[in-house]
Amino acid sequence: MYEWVKALHVISVIAWMAGMMYLPRLFVYHAQSAVGSEKSETFKVMERKLYRGIITPAMIATWIFGLWLAFGFGIVDFSMGWMWLKAAMVLILSGVHGWYGGLLRKFQNDQNSRPHTFYRAINEIPFVIAVVIVIAVIVKPF
């Protein structure tokens, strides 16, 4: 059963990360669209479906399978620093997920006040977090 849970965890992480990197890219293009335009309304639908239909369920699945791995099989050694680093990064990524949800609500209500360059910059946050997590899990530096 362990291998199935691990596989489902990795699949969930991939879906979550793909969406977390794509949503700010949609925000870039949305921020360049005129409020009320057909293009803006299309981006609203795309963003909402991505966030609610893919990213949020993937995040929930990632948490469920990750906690199952950590506590259900007795294989995680919480005395190791890498595990705490991974946990901290997952918490931060979950916070970024919520922040993106708030940005999405601003777009949905035509209240975005940030330029497209802001969204280009925040597009990198999930990737940097993913790099830290992968290094922590694979290399186990401490």
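Here is a walk through this predicted model, from its pocket to its salt bridges and then to a patch on its surface. Residues are numbered from 1 along each chain as its sequence is written, and side-chain values use heavy atoms, with hydrogens and water left out. As this is a prediction, local features need pLDDT of at least 70 and side-chain atom pairs count only at pLDDT 80 or more, while totals for chains, interfaces and linings use all residues.

Let's start with the largest pocket, which holds about 910 Å³ of space. A pocket here is an open set of points on a 1 Å grid over the protein atoms alone, where a 1.4 Å probe fits and protein lies on both sides within 12 Å along at least five of seven lines. Its volume is the space filled by probe spheres set on the points. Lining residues have an atom within 4 Å of a point, and there are 32 of them, with His9, Leu69, Lys86, Ile133 and Val137 nearest the centre. Which helix gives the most to the lining? That's α1, with 8 residues. Helices α1 (2-31), α2 (38-72), α3 (81-108) and α5 each supply at least two; a helix is a DSSP run of H or I, at least four residues long. By class, the lining has 25 nonpolar, 3 polar and 4 charged residues.

Now for the charges. Side chains of opposite charge can pair when their charged atoms come close. Counting a salt bridge as a side-chain nitrogen of Lys or Arg within 4 Å of a carboxyl oxygen of Asp or Glu, the model has 2. Glu41 and Lys44 meet at 3.1 Å, N to O, and both sit in α2, 3 residues apart, about one turn of the helix. Lys44 also pairs with Asp110, their closest N and O atoms being 2.9 Å apart. This second pair links distant parts of the chain, since Asp110 lies in the loop between α3 and α4 (116-122), 66 residues from Lys44. Together, Glu41, Lys44 and Asp110 form a network.

Is Lys44 buried or exposed? Lys44 counts as buried because its relative accessible area is 8%, and buried means under 20%, with exposed over 50% and partly exposed in between (1.4 Å probe, protein chains only). Glu41 is partly exposed at 35%, and Asp110 is partly exposed at 35%.

Last stop: the surface. Phe127, Val128, Val131, Val134, Ile135, Ile138 and Val139 form a nonpolar patch with about 650 Å² of accessible area together. Patch residues have over 30% relative accessible area and no salt bridge, with nonpolar side chains joined within 5 Å. One of them, Ile135, is found in α5 (residues 125-139) and is partly exposed at 42%.

Key. Patch = residues over 30% accessible without salt bridge, like charges linked within 9 Å, V, L, I, M, F, W, Y side chains within 5 Å. Areas by Shrake-Rupley, 256 points an atom, 1.4 Å probe, with all protein chains shown as cover. Nonpolar A, V, L, I, M, F, W, Y, C, P; charged D, E, K, R; others polar.
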